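Dear colleague,

My findings follow it, arranged by region.

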Amino acid sequence: MKWGLFGGTFDPVHFGHLRAAQELAGMLGLDRVIFIPAARPPHKTEQAVTAFAHRAQMVSLAIAGNGSFSFSDVENKRPGKSYSIDTVRFFSESQADTELYFITGQDAFDGIASWYQWEKLLSMCHFVVMTRPGCSHGDISRGLPPLIAARYTYDEQNDLFRSGTGKCVLFRKTTFLDISSSAIREILRRGGQARYLLPDRVISYIQENKLYAVSPQQGQG
């Protein structure tokens, strides 16, 4: 079995997240992509984050009906900050026969040396890095942060980096949808429309629960 672990704040989840997960599942032959909202994101200590229960429900609504997607609240079950290594360790121990692929964005991966126990984390699972728009193949092939580049060798045939631990880093392009959770929140705070940026059922949930200062009277257009 091959599972993708897709962590994030998902505040809110949107079509950019969903489309990328769908494409990566096909590219890598993943049997499942698990959406894992961060309960207490360690890199967002100065930013107010919507309550976990709301973000979890929005993810559940967004992925409903897709048999390749599932949801996990594992990070909310642990006390303290939501460190990726603890999440990967949980799935490694509970799914010993499953090959794990940790899905992240290029900006986040560029700063991986700031992640908690990042060296150990890289030895525990494969990393799939969603690249920025406009990256050429050559740019992707040289995409490892300098601090960790010496630990990997590039496998040109399979277009991935291999480490001595057997774990790989794969840089993959997905369809770029110029959507961000922060932009959606701002649109809603201004009373704008979010239709076609995220699923209608998520918009309805936002309206019903008055999230992001949107009122129930603001329809979906």
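In which loop does Leu197 lie? Leu197 is found in the loop between H8 and H9. Please note that the model is a predicted one. Setting aside neighbours within four places in sequence, Leu197 has contacts with His14, Phe15, Ile179, Ile184 and Ile187.

One of the contacts of Leu197, Ile184, belongs to helix H8, which spans residues 181-189. In H8, the residues Ser181, Ile184, Arg185 and Leu188 are buried. Their arc around the axis is only 100 degrees, which means that they are on the same side of H8. An α-helix has 3.6 residues a turn, so residues three or four places apart point the same way. The packing partners of the buried residues of H8 are helix H1 (15-28) and helix H9 (200-208). Just after H8 comes Gly191, with a positive phi of about 85 degrees.

Overall composition

The protein chain has 221 residues, and 48% of them count as buried. It contains 9 helices and 8 strands. When contacts between residues at least 6 apart in sequence are considered, 70% join residues at least 24 apart. The accessible surface of the chain is about 10800 Å², and carbon and sulfur atoms account for 49% of that surface.

The largest pocket

The largest pocket has a volume of about 1600 Å³. Its lining is made up of 50 residues, and those nearest the centre of the pocket are Gly7, Thr104, Gly105, Ala108 and Met130. Two or more lining residues come from each of strand S1 (2-8), H1, helix H3 (84-94), strand S4 (99-105), helix H4 (106-110) and H8. S4 contributes the most, with 4 residues. Sorted by class, the lining holds 19 nonpolar, 23 polar and 8 charged residues.

Helix H3 and Ile85

H3 is among the elements that line the largest pocket. Which residues of H3 are buried? They are Ser84, Ile85, Thr87, Val88 and Phe91. These residues cover an arc of only 160 degrees around the axis, and therefore they are on the same side of H3. The cover over the buried residues of H3 includes S1, strand S2 (32-37), S4 and H5.

Ile85 may be taken as an individual case from this helix. Its relative accessible area is 0%, and it counts as buried because the cut-off is under 20%. Beyond its neighbours within four places in sequence, Ile85 is in contact with Tyr116, Gln117, Lys120, Leu121 and Met124. Ile85 and Glu119 are 34 residues apart along the chain, and their C-alpha atoms are separated by 9.9 Å.

Backbone geometry

Most residues other than glycine have a negative phi, and most peptide bonds are trans. The following positions are listed with that in view.

- Gln117, one of the contacts of Ile85, has a positive phi of about 50 degrees although it is not a glycine. Gln117 lies in the loop between H4 and helix H5 (118-122), and it is partly exposed, with a relative accessible area of 38%.
- Asp159, also a residue other than glycine, has a positive phi near 55 degrees. Asp159 is located in the loop between strand S6 (152-155) and strand S7 (160-163).
- The peptide bond from Asp11 to Pro12 is cis, and its omega is near 5 degrees. Pro12 is placed in the loop between S1 and H1.

Thr50

Is Thr50 buried or exposed? Thr50 is buried, with a relative accessible area of 17%, and its position is in the loop between S2 and helix H2 (52-63). Thr50 and Thr9 are 41 residues apart in sequence, and the distance between their C-alpha atoms is 9.0 Å.

Technical notes. Residues are numbered from 1 along each chain as its sequence is written. This is a predicted model: local features need pLDDT of at least 70, side-chain atom pairs count only at pLDDT 80 or more; totals for chains, interfaces and linings use all residues. Side-chain values use heavy atoms; hydrogens and water are left out. Buried means under 20% relative accessible area, exposed over 50%, partly exposed in between (1.4 Å probe, protein chains only). The arc is that of the directions from the helix axis to the C-beta atoms. Contact means heavy atoms within 4.5 Å. On a 1 Å grid over the protein atoms alone, a cavity is a set of points where a 1.4 Å probe fits but cannot get out, and a pocket is an open set with protein on both sides within 12 Å along at least five of seven lines; lining residues have an atom within 4 Å of a point. Grid points are joined across faces, edges and corners, and a volume is the space filled by probe spheres set on the points. Ala, Val, Leu, Ile, Met, Phe, Trp, Tyr, Cys and Pro count as nonpolar, Asp, Glu, Lys and Arg as charged, and the others, Gly among them, as polar. Accessible areas come from the Shrake-Rupley method with a 1.4 Å probe; for residues, only the protein chains shown count as cover.
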